[in-house]
Amino acid sequence: MPLATTRRAGLVDQVIDQLREAVTAGEWPIGHRIPTEPELSAQLGVGRNTVREAVRALAHTGILEVRQGDGTYVRATSEVSGAIRRLCGTELREVLHVRRLLEVEGARLAATARTDEDVAELRVLLNRRDTDWDEGRLDDFARSDAEFHQVVVRCGHNGLLLELYRGLMEAITASVASTSDNPEHAEMIRHRELVDAIEARDADRSAAEAAGFLDVLIARAEDL
């Protein structure tokens with residue numbers, strides 16, 4: 001990385017903080033195998049028991065996954081996302097229900113608090129999302145669609161709601177990828193009306209637009 005050498009007080013907590021930072025900063029991406037216990041011990045200047053305890057704690061939160069005989073891998077970028085992965089797994093409907101709770105109110109807030117710069121950014125992201133879909137880049141589409149929805153929430157200028165939403169981004173992106181294999185619904189859900197409603201500062205219409213497409217996805221997930 002390199003990791004900073006830890007102080008002697010609260011060694012386990014310090015190691016946890018440094019390992020978590022390596023994950024959130026992208027030095028260790030999801031799916032990446034982290035350095036071995038002896039390597040981390042040498043880099044951090046602490047005993048292997050301290051490293052083992054820190055790794056165990058992060059595995060408990062869902063950020064890391066210890067695979068016996070293989071190594072330790074990054075599973076999520078935050079405790080919240082890790083919890084979602086443990087609790088929901090492949091339960092698409094649960095993720096969609098949580099998205100509905102956050103995105104409907106996020107859209108309502110966006111309509112009341114957005115700036116002109118916010119609307120301009122939404123239109124740029126919406127164009128990128130649509131281009132990814134039109135050109136068949138489904139992986140890029142999943143990421144750009146999830147980013148678009150995150151920025152809708154950000155336009156509400158509620159820091160706590162945004163942090164909650166950011167913590168779910170991996171699950172949200174996965175839900176987009178899971179539902180974007182249906183050309184009919186992807187064509188139908190273009191989100192232009194959502195941005196128009198936010199620009200018009202129409203809170204009720206914005207909330208209805210956000211709820212509408214998610215209700216369609218939830219209904220289809222119920223049939224799976």
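Visitor: Are Trp133 and Phe141 buried or exposed?
Guide: This is a predicted model, in which local features need pLDDT of at least 70 and side-chain atom pairs count only at pLDDT 80 or more, while totals for chains, interfaces and linings use all residues. Residues are numbered from 1 along each chain as its sequence is written, and side-chain values use heavy atoms, with hydrogens and water left out. Buried means under 20% relative accessible area, exposed over 50% and partly exposed in between, with a 1.4 Å probe and protein chains only. By that rule, Trp133 and Phe141 are each buried.

Visitor: Which kind of aromatic pair do Trp133 and Phe141 form?
Guide: Rings of Phe, Tyr and Trp (its six-membered ring) pair if their centres lie within 6.5 Å, and planes under 30 degrees apart count as stacked, over 60 as edge-to-face and the rest as tilted. A search of the whole structure finds one such pair. The ring centres of Trp133 and Phe141 are 5.2 Å apart and their planes stand at 55°, so the pair is tilted.

Visitor: With which side chain does the side chain of Glu103 make a polar contact?
Guide: Glu103 belongs to helix α5, residues 92-113, where helices (H or I, at least four residues) and strands (E, at least two) are DSSP runs numbered from the N terminus. Because its relative accessibility is 4%, Glu103 counts as buried. A polar contact is a pair of N or O atoms within 3.5 Å; within protein, one must be able to donate a hydrogen and the other to accept it, and residues adjacent in sequence count only if both atoms are side-chain atoms. At 2.6 Å, the partner of the Glu103 side chain is the side chain of Tyr165.
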